[in-house]
Structures are given as structure tokens and as C-alpha cells.
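Biologist: Please put the model on screen. Then take my questions one at a time.

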Amino acid sequence: MERYDQLYRLYDEFDAATLRALQDFVDLFPPVDSRVALEHWQEVGDELDDRKAEIRGAFPDAGETFAELAARATREQAFTALDLHAKYDRGVNVLVLDVDETLRSAGGTDNEIPRETLHLLTELHEAGTPIVVCTGQTLENVKGFLIQGLGNEIVHSGDLSVVYEAGTGVFTPGHGADTKRLLYDDLDDDVRAIFDAVRSRVLSDAPEELRRGCHLQGNEFNVTMKPNFETGSDEAREVIDRALVYELDLLGDAVAAEVGDDETGTGDDESAADAPAGDWARAYYADQDPEIRGVLEREGGTPDCGPEEVPDPIRDTFERIDVAYYEADAAEIGSLELNKVVGVEAAFEVLGIDDPFAAVLGDSKSDLRVMEWVAENDAGIAAAPEHASRDVLDHVIRTDELVFDRGKAGDVLRTVFALNRLANLG
């Protein structure tokens, strides 16, 4: 209980709120080309140093750590960190971070990663914590905002990896032949052929309303339809719902054509066109995902068959392919053999992280797989924004209750900072 008693004393006897305000000013508002501004910045820095010195003097055995805790973490964040240390007895040695609606939010941060979050990521990285950015976005998009936000030095440090397109590839600059690993190259030819078939038709065969209302994300492998409207808007919701139904039908046709089994009545002949392949896809994926079932019901696309009527060869292939629905954001077809967990494992391998204890931040079902993976392997903790999907929030609340406000991923990063400082004390 000694550490708890020391923390109570720290936050009771010292003005940590003012200390954090001083620290944030020094960190986030560097001196500009103005003598007056520079003098003020230096005065704030001097006051910050004096207040930290008082704390160092009051805690001879852990003064430096406690001074940094008070300057970086609120009382609640510090005690949460101490609880995590008591539970796991170790600090975080890698960050696994989703981007959209996690680090940044269209509704809370104007779709930019806040300066505070970027600074905390920089500090954690400089303290020796590698970063794995794990996103459904394309590699080029991710590289652009990472270099702009974190800078070339960190992106090319050798301690940052990007798992992109939800696990189809891993990009880790500075690692020679392992810098870019195309995980989809390892898939069987039949699965790759199905994706090629869907991609070749997804726009050319789309109804005019979908061609006007959607675009195809520039993925290397996954087939992702995005709205030509503001994400989250009513228009985006309507067009993505229609796109999901359309993608299911395309997938059913492609699987039936590729499997071509006599039992299904399909193959490389005219009978394939008459097979209820779209209904098979609708029935199978509606049975797997209540959100997809809800979309089909809203769109009047309920299949004329049940999931038990899907032929076994078709079902076996569906079991290898993921259909993901992100309300008012995207309709996506991906491989279940390629997901964020597979990508994160590959990133850890390249980064040389043999015994991970990760802080996983995310909001969607694809992030939940990583959270569950680290929980099952005693390999980390999970955190999510308050607007995350229900399943994600249920998992996070059942584990360590690390839920943060929209656009406030920095709050969890401050807790991680505090946890690592406490872990270093032993």
C-alpha cells in the first residue's frame, strides 16, 4: 500500500493541476519568434522546474517519477495506472493504435489527431515504446498523416510499424527486406481469384446510384466501398446500406463461379447465372452478423433461403471471407485469414517484440479481435472511445474500464505514461 499512500500524498499536498497546465504550455506551445513570448515561455519553464524540484525533495526514493506523474497525469489517471501495475506487474512495451474514431474523430477533433495526442505519442516513443498503427486505411494515406503529425524521424526510426488495410500488409521502415510485407501474397489462389473477380466488377457493374454515391477505396487487396458524402450523414448511411447488399451479391456470384462444384449447380457454364448465389451470401452473412441482417431488412433484401440451405462448398469459402459493415462509413470485403491480429503479429515479429504487453486503442469489430487476442495471451490492455461499437465497449468495461471521451485518446496515453513510470520503479 505504500505506493498508494504516496500517491494520495502527492495529489493532496501538491497542486498537480497547475503543474500539468505548466507542463502542457511548455510542451505544446514552444517559443515563437517574439522576445515577449520567449520570455514568458522561459518564465513558465522556470516555474515548472521549481515545482518539480519541490516534489523531488518531498519523495526522496521516487521523486523524479512522482514529479513527472504530477506533471502528466491527473489523480484519476495516476491511480488507474497504479491499479494496472498492481494487476499486471509490468508496463506497456508497445502501442497498437487504430486511427479513425480513435486517435482522431470526425465529430470531436475535426478529423485531425490532436496536438496533445501527437506529443504524448512522441514522448512515449522517445522513452522506448514502439508504435504499431493498425488501420483499415491504405498505406499511402497513413504514411501521409503520420509523417505530417509525428515527423520523418519517428516514422523511419525502425520502431514504428503500420498494419494497413486491416491486416493485408505491414510496413515497417528501416527493416530491409522486411520493410514491406504483403500478407495477402500468402493466400490461396482461389481466394485471391474471388477478390479479383469482385474488384473487377464492383464499380463497372454497379447501379448508377451507387456509381454516383460511392467510390472504391484504393486498397491493395480488400474491396471497400466508401460514400461520396460526409461520413456519418444520412446520405452516407443510405448509400452504404445499398452498397453492402450489392457487395454481398457480387461476392456470392464470385464464390459460386470459383467453387464451381456440381453439388451447387454452378460452374463455368450458364447454370452459374441461374444459381441463387446472391441469396446464399445474404443468408450466410446475415446469420453471422446482426448488423448485416438489419441492413438487409431495411433494404428489402432479405434472402429467399436460410443459412442452412447454403451448399457446403460455398459455405466453406464464405467461412474464409469477411464482410464488414461500418454504418454510414464503409462496406468492405476482406479475408478472414488476414485481419488486424495477423498484421499485428507480423509487425511484432519485424519489430522484434517477443514478449509484448500492448496498449490496444480502437473502436471497431476489427480492433476487438486484437483486444481479445492480447487478453487471451496476457499480452496487454485495451481502451476504447465512448462511441465505440457495443461489443468493443463491453470488452473494455469487462477488463480494465479504460473508456475515454471522443477525441481524448491522450487521456489513456497519459495513463500508459504513468503506468510505465511506476513500472520502472519496480
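Modeller: Terms come before answers. Two strands pair if DSSP finds at least two bridges between them. Helices (H or I, at least four residues) and strands (E, at least two) are DSSP runs, numbered from the N terminus. pLDDT is the predictor's confidence in each residue, from 0 to 100. This is a predicted model, where local features need pLDDT of at least 70 and side-chain atom pairs count only at pLDDT 80 or more, while totals for chains, interfaces and linings use all residues. Residues are numbered from 1 along each chain as its sequence is written, and side-chain values use heavy atoms, with hydrogens and water left out.

Biologist: What pLDDT does the protein chain average?

Modeller: Of the residues, 95% score at least 70. Residues 266-274 stay under 50. Where pLDDT is low, the predicted coordinates should not be read in detail. The chain average is 93.

Biologist: What is the strand order of the open sheet of eight strands?

Modeller: Pairing in this sheet is mixed. Its edges are strand 5 (180-182) and strand 12 (402-404), each pairing on one side only. The order is 5-4-3-2-1-10-11-12.

Biologist: Which residue in strand 5 stands opposite phenylalanine 171?

Modeller: Strands of a sheet pair through backbone hydrogen bonds, either parallel or antiparallel. Strand 4 (residues 169-171) and strand 5 pair in the antiparallel sense, over three bridges. Opposite phenylalanine 171 stands lysine 180.

Biologist: What angle does the direction of helix 19 make with that of strand 10?

Modeller: Helix 19 (residues 409-425) packs on the sheet and touches strands 1, 10, 11 and 12. Contact means heavy atoms within 4.5 Å. Axes are lines fitted to C-alpha atoms, for helices over the stretch in contact, and angles run from 0 to 180 degrees between N-to-C directions. With strand 10 (358-361), the angle is about 170°.

Biologist: How many residues of strand 7 are buried?

Modeller: Buried means under 20% relative accessible area, exposed over 50% and partly exposed in between (1.4 Å probe, protein chains only). Val223, Met225 and Pro227 point one way; Thr224 and Lys226 point the other way, and all are buried. For strand 7 (residues 223-227), the count is five of five.

Biologist: Which residue in strand 9 is the bridge partner of threonine 224?

Modeller: On one side, a hairpin of six residues joins strand 6 to strand 7, and histidine 215 has lysine 226 as its bridge partner. Strand 7 also pairs with strand 9 (residues 330-335), antiparallel over three bridges. There, threonine 224 is partnered by glutamate 332.

Biologist: How far apart are the end C-alpha atoms of helix 5?

Modeller: Helix 5 (residues 75-88) has 14 residues. The expected span of a helix is 1.5 Å times one less than its number of residues. That gives 20 Å, and the model agrees: the ends are apart by 20 Å.

Biologist: Is aspartate 89 buried or exposed?

Modeller: Aspartate 89 lies in the loop between helix 5 and strand 1. Its phi is positive, about 55°, although it is not a glycine. Most residues other than glycine have a negative phi, and most peptide bonds are trans. With a relative accessible area of 58%, aspartate 89 is exposed.

Biologist: What is the relative accessibility of glutamate 165?

Modeller: Glutamate 165 also has a positive phi, near 50°. Its place is the loop between strand 3 (160-164) and strand 4. Glutamate 165 counts as buried because its relative accessibility is 1%.
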